[in-house]
Amino acid sequence: MDAGSLSSFSNLKGQSRCPLQEQLLQRKNSKENMDRFIPNRSAMDFDYAHYMLTDGRKIKENQTACSPAREAYRKQLAETLNMNRTRILAFKNKPPAPVELFPSEHSTASAHPTKSLKPRRHIPQSSERTLDAPDLVDDFYLNLLDWGSSNVLAIALGNTVYLWDASDSSTSELVTVDDENGPVTSVNWAPDGRHIAIGLNNSEVQLWDSTANRQLRTLRGCHRSRVGSMAWNNHILTTGGMDGQIVNNDVRIRSHVVETYRGHQQEVCGLKWSASGQQLASGGNDNVVHIWDRSMASSSSPTQWLHRLEEHTSAVKALAWCPFQSNLLATGGGGGDRTIKFWNTHTGACLNSVDTGSQVCSLLWSKNERELLSSHGFTQNQLTLWKYPSMVKMAELMGHTSRVLYMAQSPDGCTVASAAGDETLRFWNVFGVPEVAKTAPKVNREPFSQLNCIR
């Protein structure tokens with residue numbers, strides 16, 4: 001299940017590689033995997049053993065010639081020097097039980113019973129699976145990985161979009177675009193987990209039905225250059241382009257462009273709608289984060305932003321809305337910034353800023369715990385798990401040998417997929433299994449409670 005060695009990976013890279021094929025760990029030598037028994041000699045007294053095998057035997061042979069007084073003296077001396085043992089080699093005895101300094105009936109624990117502590121979650125330090133991802137475009141500003149609600153992972157490798165079904169580990173090819181249109185610059189699943197949007201280098205966006213493996217339509221006229229970021233909000237597909245524009249497309253109607261947001265001066269590389277669908281966060285290569293409010297949208301005039309956040313000093317691609325606090329947004333800056341910042345999107349205030357020490361490529365909130373996962377570039381190319389709000393590092397996951405550009409989260413929130421410039425796709429069981437929700441107790445209804453009135 002684990003990734004192969006770097007040497008085997010480099011050999012694979014030189015050969016023709018099949019996309020999304022698992023890299024298996026090769027067993028080097030059977031002897032290297034055998035357990036080695038190491039005895040514990042701390043309980044062995046070799047001086048006493050030597051004495052009993054040499055001088056001790058002579059004493060036993062001459063015991064009959066000893067006087068009663070001398071024999072009594074010998075026994076007393078042997079008892080004092082602990083020489084009455086019958087075994088030369090022995091196991092250590094178990095340690096004695098701890099002495100209770102305070103009687104249990106007077107302890108504070110009995111007077112104030114404490115709650116049972118939650119066992120600490122084990123976070124595996126290595127990826128549970130590694131797949132080959134040849135021709136993955138190593139571009140910080142693109143978004144080439146997404147995990148849909150139907151448990152199917154979409155990844156763009158060059159001009160081709162592949163689908164990997166997590167339920168049975170099967171791989172299928174959705175579409176390969178022509179060279180004049182490609183490469184694919186972004187992929188994003190619709191909320192239904194069936195339809196997927198594919199942004200292209202030629203400024204077009206294709207909509208596909210993944211179940212029927214059929215293209216539904218092509219959105220044209222949204223942008224003047226490549227579409228590197230996308231985000232769905234029900235039937236609205238929001239696209240961000242290298243031209244700095246953000247466009248809301250209603251995919252149900254022929255004239256799909258319904259709103260245009262203008263505020264970025266350079267490429268829009270990050271787009272995320274809030275859970276309510278009311279606020280949109282956008283990040284750009286101009287180091288700016290905008291918060292847009294849907295209620296302020298108007299098709300007749302350029303939409304003004306709700307907040308313009310200019311504290312980052314490098315491109316902002318990593319955006320993540322908090323699942324347990326609707327107005328909390330986390331943003332990550334590029335190589336010249338290296339910080340994760342937290343914002344109150346109602347007021348526009350920066351709540352906290354944490355220097356991570358490296359380029360922040362992607363951010364994901366845990367759906368089950370108050371934790372945040374970030375992926376990074378130079379120098380360690382790691383994934384870092386943070387406890388919120390203390391921002392204490394809980395784990396650092398190593399394995400990628402190039403910057404970890406893209407991350408996606410499984411529908412159950414437990415597994416994270418990461419894709420990097422080293423052309424590998426890795427799966428991490430980082431967020432753990434969610435606790436089973438308790439069933440709500442049945443409530444005894446009052447008679448006729450289902451009726452509004454009684455005639």
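Me: What makes up the lining of the largest pocket: how many residues are nonpolar, polar and charged?

Reply: In this predicted model, the lining divides into 28 nonpolar, 17 polar and 4 charged residues. Gly counts as polar here, so any Gly in the lining falls in the polar group.

Me: What makes a residue part of that lining?

Reply: A lining residue has an atom within 4 Å of a pocket point. The largest pocket has 49 such residues, and Asp 146, Asn 188, Lys 272, Trp 273 and Leu 364 lie nearest its centre. Its volume is about 1,400 Å³.

Me: Which strands each supply at least two residues of the lining?

Reply: They are β2 (145-147), β6 (184-189), β10 (227-233), β14 (268-273), β18 (316-321), β22 (360-365) and β26 (404-409).

Me: Why is the set of 38 residues called a nonpolar core?

Reply: The name applies because its members are buried residues of kinds such as Leu and Ile, joined through side-chain atoms within 4.5 Å. Leu 145, Leu 153, Ile 155 and Leu 425 touch the most other members. Strand β3 (residues 152-157) gives the most to this core, with 6 residues. Apart from this core lies another, of 15 residues, including Phe 342 and Tyr 388.

Me: How do you know where the "repeat: WD" feature is placed?

Reply: That comes from UniProt, in an unreviewed entry, which gives residues 177-218, 261-293, 309-353 and 397-430. Residues 261-293 are 0% helix and 58% strand, with end C-alpha atoms 10 Å apart. Residues 397-430 are 0% helix and 50% strand, and their end C-alpha atoms are 9 Å apart.

Terms used. Residues numbered from 1 in each chain as written. Predicted model: local features only at pLDDT ≥ 70, side-chain atom pairs only at ≥ 80, totals over all residues. Heavy atoms only, no water. Buried < 20%, exposed > 50% of the residue type's maximum accessible area, 1.4 Å probe, protein only. Helix = DSSP H or I, 4+ residues; strand = E, 2+ residues; numbered from the N terminus. 1 Å grid on protein atoms, 1.4 Å probe; cavity = no way out; pocket = protein on both sides within 12 Å on 5 of 7 lines; lining within 4 Å. Points joined across faces, edges and corners; volume = space filled by probe spheres on them. UniProt positions renumbered as here; feature names shortened; annotations may be inferred.
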